Structure formats: structure tokens, C-alpha cells
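Please keep the sequence and the structure in view while reading.

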Amino acid sequence: MLSSFASTKASRGSHDIRVGENVLHEEVAENVFKAVNLHSGKHLLCKVFPISRYAQSLAVYSHLPVQPNLHHPFEIILGHSTAYVFFEHTYGNVYRYVQSSKGLCEDEALRLFHQIVSAVAHCHNNGVVLHSLKMKHFAFKNEERTQLALCTLKDIYMIEKDDTVSGKHSCPVYISPESLQPESSYSGKASNVWALGVILYTILLGCYPFSHTKLNGLYSKIQKCKFILPELLSPKVRCLICSILRLDPSERLTAEEILSHPWFSSTSYSQYMWRKMFYKDEDQKVPSL
């Protein structure tokens, strides 16, 4: 929804800014504000852009069809020199959730990872490669933490002839082995799939498949593609991880193929069994008061 308020400037009080029927009341990042709609009381997130470059910044949203696991603008309000782009409020990102949970049971990981892959497959199918694909970019759409959306599309590559890219674009722990080769060009889609494998491993186990205190050590591990798969994971998800984290990009599943993997149609381990593997019986007891 696009509107303008050329005749009415944004009014700034001591603690807030009013833009149309919305109030911006807390800056959470540079030019990003928490907001609330005065009519509905709905909580929103507002990203502020200079009017001269807002269209370029939002071009990818016009290019991509609406999809449930992509965070599309809710409303755009144009001022004289500033564009205010409103998105629906989110409830924390996947990285923080996994960090606090120290890994998720397969039932929950399956539901969340399917949504993550769905967003990436949608981008790929519509000619978009994500240069920076990581857990922090996926946020919860509801308080129950059952619905996810990719909440940023600021670092993307629009495919023209093919998906060939070059250079290191992602966070180090998500970097694919082929992107570490000097002056290499490689498939952006296959590199995204590698990052999906890192995400799946991490949400299940609460740690990255490749880690090291020094960057060169981390890159060396990634290039060798050696990681540990605990026996506590079900055979199907172990198979899926091994089908994604493959040294040869041409041998990896595509995002679409991941969605068709048998793991998504199976009943995975229950929360009870997951916890039982990690904790002793006495850890489960409620202490007497």
C-alpha cells in the first residue's frame, strides 16, 4: 500500500515521530524504528529511506511475488524527502532462539527449516540470489514462534543470464567452500544451499558444523568439508544434511529438491526423547520447596 502525505509533515515530539496514522516510538537500529498504528493498535517496524533511493532499495520486493515466508512491506508513506516503509512486527530472530534453546528437537526444526527453505526456493525461482543468508535474517511472525519470514532482502543478486557470482559475501561460518577459492566464480544458488545446510545443522545441534577461533582455521575446515553428525539425529535428517553440505556444488540438492526430501514427510523424534538424550533423570525433577 503506497500513500503520501506531502501536505502534512511528520511531526516529532519529545519521544516519537508521527507519520500518517502511525507513531514511531523507538529506534532499534540505524533508521529502523518500532512503530504502532493509531487506529488498529497494530505493532509495526518502520524502515526510513531517503526519498531519492527508496525505490531502488525496495526494487526486489516489487520483483518478488508475495510469499508467506517473505517479509513484504505492509505500507509505504512518502514524505518530501523521506520514505517510511512499514513492515509487520516480528518476535525475535531464529539465531537468538536457537542460541537460547541450545538446539531444537527435530519436530520443531523440521517445521521451521521448511519455512526457511521455502523462502529461499521462492527467491531462486524468481531470479534472486541471497548474498548474505543466515539465521539472523529469519524472524518469527507470531509470539508462538511457529511462523517464520525472511526479514531482509538488502544484499541480493538479481539473476540476468545465470546465477554466477564471485567473491565472499556471506558471514564466515556460512561461506561455501567454492567461494573461498581465489578469484573464483560460482553458482549463487548452490552457495545459498550450502548456507541452508549450515542453518539446518545449527538449529538441530545448537552449534555450527565448522568452527575455529581463527578465520584461516575456519576456512580450512570448510574447504575440507569435514563435520560430525551425532548418532542422536534421525537417519533421514542425517541424509538430508549430507545431501546439502557437499564439497562439489553440482552434487548438492537444490532448494526445491530439499523441500521434497523424505525428512519433511516423516515423524521425527519427540521433544521428550531429545531431552532424554541430553539430560540425566535427576535433571528433570522439579526441586522441592
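A residue counts as buried when its relative accessible area is under 20%, and as exposed when that value is over 50%. The model discussed here is predicted. Its protein chain has 289 residues, of which 47% count as buried. The secondary structure of the chain comes to nine helices and 14 strands. Among contacts between residues at least 6 apart in sequence, 63% join residues at least 24 apart.

- Most residues other than glycine have a negative phi.
- C225 is not a glycine, yet its phi is positive, near 55°.
- C225 belongs to the loop between α6 (215-224) and α7 (235-244). With a relative accessible area of 12%, C225 is under the 20% limit and therefore counts as buried.
- K102, also a residue other than glycine, has a positive phi of about 60°.
- The loop between α3 (94-101) and α4 (106-125) holds K102. Its relative accessibility of 66% is over the 50% limit, so K102 counts as exposed.

**The nonpolar cores**

- The largest nonpolar core contains 68 residues. Those with the most contacts inside this core are F113, L200, I203, I258 and W263.
- Helix α5 gives the most to this core, namely 11 residues.
- Residues of this core come from both domain 1 (17-88) and domain 2 (92-265), so the core lies between the two domains.
- I203 gives a view of the packing: leaving aside neighbours within four places in sequence, I203 is in contact with V94, V98, G103, L104, A109, F113 and M135.
- A second, separate core has 11 residues, including I17, A35, Y84 and F86.

**The largest pocket**

- Two or more lining residues come from each of β4 (22-29), β5 (32-37), β6 (43-50), α1 (54-57) and α2 (59-63). Strand β6 supplies the largest share, with four residues.
- Domain 1 (17-88) and domain 2 (92-265) each contribute at least three residues to the lining of this pocket.
- By class, the pocket lining consists of 14 nonpolar, 10 polar and seven charged residues.

**The cavities**

- Rolling a probe the size of a water molecule over the atoms shows where empty space is left.
- How many cavities of 30 Å³ or more does the structure hold? There are two cavities of that kind.
- About 120 Å³ of space lies in the largest cavity. Of its 16 lining residues, H131, S170, Y186, S191 and N192 are the closest to the centre.
- The elements that give two or more residues to the lining of the largest cavity are β9 (128-130) and α5 (188-205). The most comes from α5, with four residues.
- Eight nonpolar and eight polar residues make up the lining of the largest cavity, with no charged residues.
- The second largest cavity contains about 70 Å³ of space. Its lining is formed by L130, S132, L133, H137, L150, T152, L153, K154 and D155.
- In the lining of the second largest cavity, four residues are nonpolar, three are polar and two are charged.

Notes
Residues numbered from 1 in each chain as written. Predicted model: local features only at pLDDT ≥ 70, side-chain atom pairs only at ≥ 80, totals over all residues. Heavy atoms only, no water. 1 Å grid on protein atoms, 1.4 Å probe; cavity = no way out; pocket = protein on both sides within 12 Å on 5 of 7 lines; lining within 4 Å. Points joined across faces, edges and corners; volume = space filled by probe spheres on them. Nonpolar A, V, L, I, M, F, W, Y, C, P; charged D, E, K, R; others polar. Core = buried A, V, L, I, M, F, W, Y, C linked by side-chain atoms within 4.5 Å. Buried < 20%, exposed > 50% of the residue type's maximum accessible area, 1.4 Å probe, protein only. Domains from an automatic or database assignment. Contact = heavy atoms within 4.5 Å.
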